[in-house]
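Please read the points below alongside the sequence and the coordinates.

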Amino acid sequence: MDAILAQLLNGLDKGGAYALIALGLTLVFGTLGVVNFAHGALFMLGAFCAVTIRLLLSMETVTIDPEKLSPWGTPLEVRTPLAQQWFGDWGSVMLDYSVPLAILLAVPIMLILGIVMERGLIKHFYKRPHAEQILVTFGLAIVLQEIVKAFFGPNPIPQPVPTDFRGAADVGAWFGLQAGAVTYPVWRLVYLLFSVGILAAVFAFLRFTTFGMVVRAGMADRETVGILGINIDRRFTIMFGLAAVVAGVAGVMYTPLLPPNYHLGMDFLVLSFVVVVVGGMGSLPGAVAAGFLLGIVQSFASMTEIKSLLPGIDQIIIYLIAVIILLVRPRGLLGRSGVMET
Amino acid sequence: MSDSKRVITRRQVIRTGMAGILATGVAPLVLSRNSWAQDKNFCNNPDSKSSVTLGFNMPLTGAYADEGADEQRAFELAVEHLNGGGDGGMIPTFSSKTLKGNGILGKKVAFVTGDTQTKADAARDSARRMIERDGAVMISGGSSSGVAIAVQGLCQEMGVLFMAALTHSNDTTGKDKKRYGFRHFFNAYQSGIAIAPTLAKAYGKDRVAYHLTADYTWGWTQEESMKNATEALGWKTLTPVRTPVGAGDFSQYITPVLSSGADVLILNHYGFDMVNSLTQAVQFGLRDKQVNGKQFEIVVPLVSDLMAKGAGAAMKGIYGTSNWDWQLQDAGSQAFTKSFGAKYGQPPSQAAHTSYVQTLLYADACERAGTFYPPEVIKSLEDYDFDGLGNGPTTYRGSDHQCFKDVLVVQGKESPANPFDLLEVVDTASKDSVTYDPAIFGGELGPYEPNKCT
């Protein structure tokens, strides 16, 4: 029971990240009909918003203390963060909470970036075949990751968990198990709640606002909505920006769990694309359900008992499921009939 | 008229033939085969040049990139010292006095670099390019045993020496050893022998260990070595779990540890993988757990300053082994740390140290052999005893090309005195205690005779 609960939590927490990226991916496909392979790069760019904020807050002044020596005999360099100099104790708090703070930067930047990306490049490929859309967005992803590599270097840059969220929570005790039987990192629980919150917010936006209603109508029948005099293209552009924001904030909050590097987006893109295929291209509930489902399956496949029976299964299980789904139900678990079935 | 033009005399044949030979540059080869010593005929022979080129092949991207960057700094420092620049670093403390700061055998040392990307195929491509295009006469580098073994095999094929830098798998100088490959760094077997007494003293002899292992040659041999060493103490080992290199998120492999019944987690990970897995294991609260009536412990058998820096507070109190530590007090270590610290503003890691030492050892071997001819250089390295390079008296064993010297047992420092004071040497396993019979790992060194470059 302990083991199952721990793996389930782990699967949900991984699934949260998959679902957030896959949601944006399928949203773009559902509205604009574009298979956006640059979506993983948006997740990565969000993560680097967190890196940027921390770098800015960590800028320091260097003074030489002639009376002290470094361990190798040169005068000692004393480094003081500017944030601490300017804001005192608040500077330390800002540095500690750099990851949540980065959301404030990520939201406008990702929104603008998404809109510029859609208007500047992707709109020119709406009427082209999917293969060409994949090629151009994949190329865009490579360009974006190389730009990040040029600025931040090739290596992962760790980001801290805020002090108040460090350590592990005794989750087992919440479920009536023995104290200490199942502990789980607090930040991973925060990420899970954050994912659920963002997913709920996106669904609520689409479900309960007039803007969302128009977008859903446009997804179902674009031409009719256009005939009614609604500028659906402009709304779809905003949805592209919204998808970029969702991927970006997902990336920001993920940085304490996995130090980001320029390749982060590509690692997640492949998994998220599989999630979208399994959930059903263009199906928002399908993407979310498949995200959590595959996260959980991947987590359970990593259990010692299963790995000892089927070595390496943890590496291929997601792709194995994708193959089975494509053979048995090409439209995906919750996909619309006729979409990607031929 | 036309008939007379067709007459070709013997003199014309000889003259034209000789002109052709000279024009196509074949003359030196013909002459070298027939009238010069055999040792002129080898890959990238620098005898006709004023400089000699060394090839440094490091992981500048990938899971071991931090180590690769530090290796590059050390290689560049070694070249500077060999060419007479800087303060000479370890050259004055080295027991051999052949190096004079005038390059190698009077030739200025040049170098080329490549990124292995921590991938065997990329590393072989990079090494091949350095040999074929840049004329490298020696290749060094590593940081991944999979890479080191792949490049070592290539160097054997091409007849170019490979002075391995950071590679810790038993296979490098065991079943995959090569005549043209030499390793100064210690290995997983020696780590197991060195750390076992410390673990017994700190954690007792009744423990249940859970291994998370990087899924390639180094991880496998370290897992096996640690398993053998700890089981000899009386510890039990649960079924080890193999994890992909560069996995990043290890959480799905750590959650099963919580309910496994193990009270020790042994992380057979290195570089960023170790930083991630250790940090995540601590985040999961493993070090706060009590299992089987004992405090849960984590062991990292191979640890470096760079990893300790990356892992931060998670490293405190963790035991591991190291090839070298910058805080050692012998003259060689002090000299190297001073040179490196003054140039780069940080102390050298063990990866930097072994890279620097290997470059000096190669240069010294050429000087003692009086030639760059690989078989003679190899012979001058085999069964060579030296000192003054930071590890105390050291022997390059001829039967497997493995260096034997003291091994350090280190622990993450609880209260660092400065940002670089991350590991503390708590014990030293003597050279004799970590010396083993080369037959236990098998393998064949192969021939001395060099192959062609292509």
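The notes that follow begin with conventions and then go through the structure point by point.

1. This is a predicted model, in which local features need pLDDT of at least 70, side-chain atom pairs count only at pLDDT 80 or more, and totals for chains, interfaces and linings use all residues. Residues are numbered from 1 along each chain as its sequence is written, while chains are lettered from A and ligands numbered from 1 in the order in which they are written.

2. The contact between the chains draws 30 residues from chain A and 30 residues from chain B; two residues are in contact if their C-beta atoms, placed from the backbone, lie within 7 Å. On the side of chain A that touches chain B, two or more residues each come from α1 (2-32), β4 (183-185), α13 (284-301) and α14 (304-309) of chain A. Helices (H or I, at least four residues) and strands (E, at least two) are DSSP runs, numbered from the N terminus. α1(A) contributes the most to this side, with five residues. By class, this side of chain A has 13 nonpolar, 15 polar and two charged residues (Ala, Val, Leu, Ile, Met, Phe, Trp, Tyr, Cys and Pro are nonpolar; Asp, Glu, Lys and Arg are charged; the others, Gly among them, are polar).

3. Helices α12 (residues 264-279) and α15 (residues 313-328) of chain A pack with axes 9 Å apart and an angle of about 30°. Axes are lines fitted to C-alpha atoms, for helices over the stretch in contact, and angles run from 0 to 180 degrees between N-to-C directions. α12(A) and α15(A) are therefore roughly parallel (angles under 35 degrees). From α12(A), A:L271, A:V274, A:V277 and A:V278 meet residues of α15(A) including A:I318, A:Y319 and A:L326. This contact of α12(A) with α15(A) has ten nonpolar, no polar and no charged residues.

4. Which residues of α8(A) are buried? Among them are A:W187, A:R188, A:Y191 and A:F194, where buried means that 20 or more other C-beta atoms lie within 10 Å of the residue's own, with C-beta atoms placed from the backbone. The buried residues of α8(A) pack against α1, β4, α11 (232-254) and α13 of chain A.

5. A:A168 lies in strand β3 (residues 168-170) of chain A. A:A168 counts as buried because it has 23 C-beta neighbours inside 10 Å. The C-alpha atoms of A:A168 and A:V186 are separated by 5.2 Å, although these residues are 18 residues apart along the chain. Leaving aside neighbours within four places in sequence, the contacts of A:A168 include A:T183 and A:Y184, together with B:Q283, B:F284 and B:G285.

Note on methods. Angles under 35 degrees count as roughly parallel, over 145 as roughly antiparallel, 65 to 115 as roughly perpendicular and the rest as oblique. A residue is buried if 20 or more other C-beta atoms lie within 10 Å of its own, exposed if 12 or fewer, and partly exposed in between; C-beta atoms are placed from the backbone.
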